[in-house]
Amino acid sequence: MLSGMSLEDEGVRGSGERAVAPGPVLGPPQGRGHRSVVRLTREWYVACRSDELEGGEVGNGVAGGGSLPERLGRRSAPLAMTVAGVPLVLFRDGTGRASALLDRCAHRNVPLSLGRVTREGTLECGYHGWRFTGEGRCSAIPGLCSPLEKVYRVHSYATREQDGFVWVCPEPDVIPERDPLRVPALDDSRYEHVVRRVEVRASLHAAIENALDVPHTGYLHRGLFRGGKKNRIRAVVRRYRDRVEAEYLGEPKPPGVVAKILAPHGGGIVRHWDRFFLPGVAQVEYALGEDTHLVVTSFCTPVEDFHTIMFAVVSFRTPLPGALVRRVLEPVARRIFGQDAAILAKQTEAIERFGGEQFVSTEIDVLGPSVWRLLRDAERAEQAASAHQGTPRHTDGGGAAATRGGATRSIADEPVVHAVDLEV
Ligand code: FES
Ligand SMILES: [Fe+2]
């Protein structure tokens, strides 16, 4: 039977008339279509690691250099990456600067990422060989005998390199005002840093909530992280204009494998903070006694509404040699990230199947609702600023003077504080 038809439609009625059913006969109850998705485009997002663009910053950031055991493998530029729905191509121009262009040749729209970077640092299209500078201006058209008189260009996007990552703003001609968050303890030689790239089929909000969510750890990651005897702890939540933090008090050293590795001698008092920073950073910090300190900073890039890439930097110092800790921790971390990625994909699948979300939250969903409010308010502010400045969201042409977008990272504002008790 074809979908959309019932037995009656197939002629059981016997009248010869065929009624057309209004929609699928069998299917899950459909929601109102709400999805916790925002489109914040006047912000910096990580597009790639610096060393993914050949000849880049080496040895001076966590994602650069040759000492990291977990390398994604060197790639020669150009590199394709979609940020906030915008297909981009990244490469180093003639000056070595990381450049980002719309991944669509001005000539016949072939993706420029299929081309190559010339020795002079222009990006050459793989179809007819048009060449583009880092600013997106066409500098050569092979076979054209007359001089290039018209200006042909593709959109270029602001880039910035910091701490071994290439950051990009997915809105053309906008330089975000909010600076990218720094990787902690980068200049402290006692710390090791490991970078991991995790791709999840989930919205930015769902990915961030997952990274900062405590109650799931004893279930989804049982035995790896938490899941032993329950303890009552208190979360003190501090909400700021551009970030939110939960400080967990009274938490005993977790019984799982991770804690055993990080603090082999017992670990003393546990201090634990979870933080979200606009537009897309989740940070988890643990201090176990005086010797062990671990901060996981996840820079999340929304690729599309339900596709997020997390560039997670694990910064740690422990009494054990860093290389040993890394070797033991690596497979555990991979399993934890894998479990999270799998459950997030299932969550996204269910939301799609039911035609939207129908969430309920309790107070032990400590940060998720606050993260959502921050994202939604930032989106509203960005839309208002965009309308005020009359900046086109995304049109062809380009060449307009760069405008500043977003808000300045504020550290001085007074937080709104509340406390929540929970058992974990
Ligand atoms: S499509 Fe790029 S040069 Fe023709
Ligand atoms: Fe998790």
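Modeller: The protein chain has six helices and 21 strands; helices (H or I, at least four residues) and strands (E, at least two) are DSSP runs, numbered from the N terminus. This is a predicted model, in which local features need pLDDT of at least 70 and side-chain atom pairs count only at pLDDT 80 or more, while totals for chains, interfaces and linings use all residues. Residues are numbered from 1 along each chain as its sequence is written, and chains are lettered from A and ligands numbered from 1 in the order in which they are written.

Colleague: In what order do the strands of the open sheet of eight lie?

Modeller: Two strands pair if DSSP finds at least two bridges between them. Here the order is β13-β19-β18-β17-β16-β15-β14-β21, with antiparallel pairing. The edge strands, β13 (192–200) and β21 (416–423), each pair on one side only. Eight bridges join β14 (residues 232–239) to β21, and Val-236 has Ala-419 of β21 as its bridge partner.

Colleague: At what angle do helices α2 and α5 pack?

Modeller: Axes are lines fitted to C-alpha atoms, for helices over the stretch in contact, and angles run from 0 to 180 degrees between N-to-C directions. Helix α2 (residues 204–212) packs against helix α5 (residues 322–353) at about 140 degrees, with axes 11 Å apart. α2 is therefore oblique to α5; angles under 35 degrees count as roughly parallel, over 145 as roughly antiparallel, 65 to 115 as roughly perpendicular and the rest as oblique.

Colleague: Which residues of α2 and α5 make the contact?

Modeller: Two residues are in contact if their C-beta atoms, placed from the backbone, lie within 7 Å. Ala-206, Ala-207 and Asn-210 of α2 meet Asp-340, Leu-344 and Gln-347 of α5.
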